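My entries are below, in the order I made them.

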Amino acid sequence: MLNPIAAVNPAAAASSGGEVLPLSQRLAAHAASEAQVQAFLQAARDVPQAIDDTPQARRDHIAALSRLLREFVDNGQIAFPDLASQLDAIGQALKAEGKDSPLHASLMGVMVGLNNLQYQTEKWMQEVMLSDGAPQEFESW
């Protein structure tokens with residue numbers, strides 16, 4: 001049996017055109033910059049807060065912040081194009097704002113939604129991989 005760690009040959013991967021990147025570089029590629037997060041926070045502060053404190057008004061504010069995060073543009077490009085960079089940006093924004101901020105609850109709502117999306121996506125991918133690509137719905141029919 002092959003040792004899975006010994007089976008990976010970085011020199012062979014590099015010579016075949018595939019580049020082996022350290023995990024720190026991969027994570028840095030998804031990291032949101034401090035300037036982007038500060039610009040996002042400024043834009044988030046400009047999103048009007050709800051007049052009343054109803055659950056629907058809170059959901060609307062969370063949805064507006066979530067849409068702002070997905071569509072936020074920096075230098076002509078989407079600043080947070082993937083789920084990892086969006087989670088990183090929201091995490092940094094929560095640290096920068098603190099628990100006493102009026103945005104804290106809405107930013108936490110956005111983070112919960114992003115974490116739920118990440119969980120559901122991973123769960124779906126695991127189901128697809130374990131079913132050899134056949135959706136579970138096809139088996140139950």
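Entry 1, the chain. I am working from a predicted model. I counted eight helices and two strands, and from the N terminus they run α-α-α-α-α-β-β-α-α-α. I looked up burial next: 25% of the 141 residues count as buried. The chain exposes about 10,200 Å², with carbon and sulfur atoms supplying 58% of that area. For contacts with a separation of 6 or more, I noted that 62% join residues 24 or more positions apart.

I found 23 residues in the largest nonpolar core, and F40, L65, L69, F80, I90 and L107 have the most contacts inside it. Helix 4 (34-46), helix 5 (55-71), helix 6 (83-97) and helix 7 (104-130) each give it two or more residues. Helix 6 supplies the largest share, five residues. I then checked L65: leaving out residues up to four places away in sequence, L65 touches F40, A44, V47, L103, S106, L107 and V110.

Which residues of helix 4 are buried? I listed Q36, V37, F40, L41 and A44. They lie on the same side of helix 4, because the arc they cover around the axis is only 135 degrees. An α-helix has 3.6 residues a turn, so residues three or four places apart point the same way. On the face turned away from the buried side I noted the exposed residues A35 and D46. The cover over the buried residues of helix 4 includes helix 5, strand 1 (73-74), helix 6 and helix 7.

Technical notes:
Residues numbered from 1 in each chain as written. Predicted model: local features only at pLDDT ≥ 70, side-chain atom pairs only at ≥ 80, totals over all residues. Heavy atoms only, no water. Helix = DSSP H or I, 4+ residues; strand = E, 2+ residues; numbered from the N terminus. Buried < 20%, exposed > 50% of the residue type's maximum accessible area, 1.4 Å probe, protein only. Contact = heavy atoms within 4.5 Å. Areas by Shrake-Rupley, 256 points an atom, 1.4 Å probe, with all protein chains shown as cover. Core = buried A, V, L, I, M, F, W, Y, C linked by side-chain atoms within 4.5 Å. Arc of directions from axis to C-beta.
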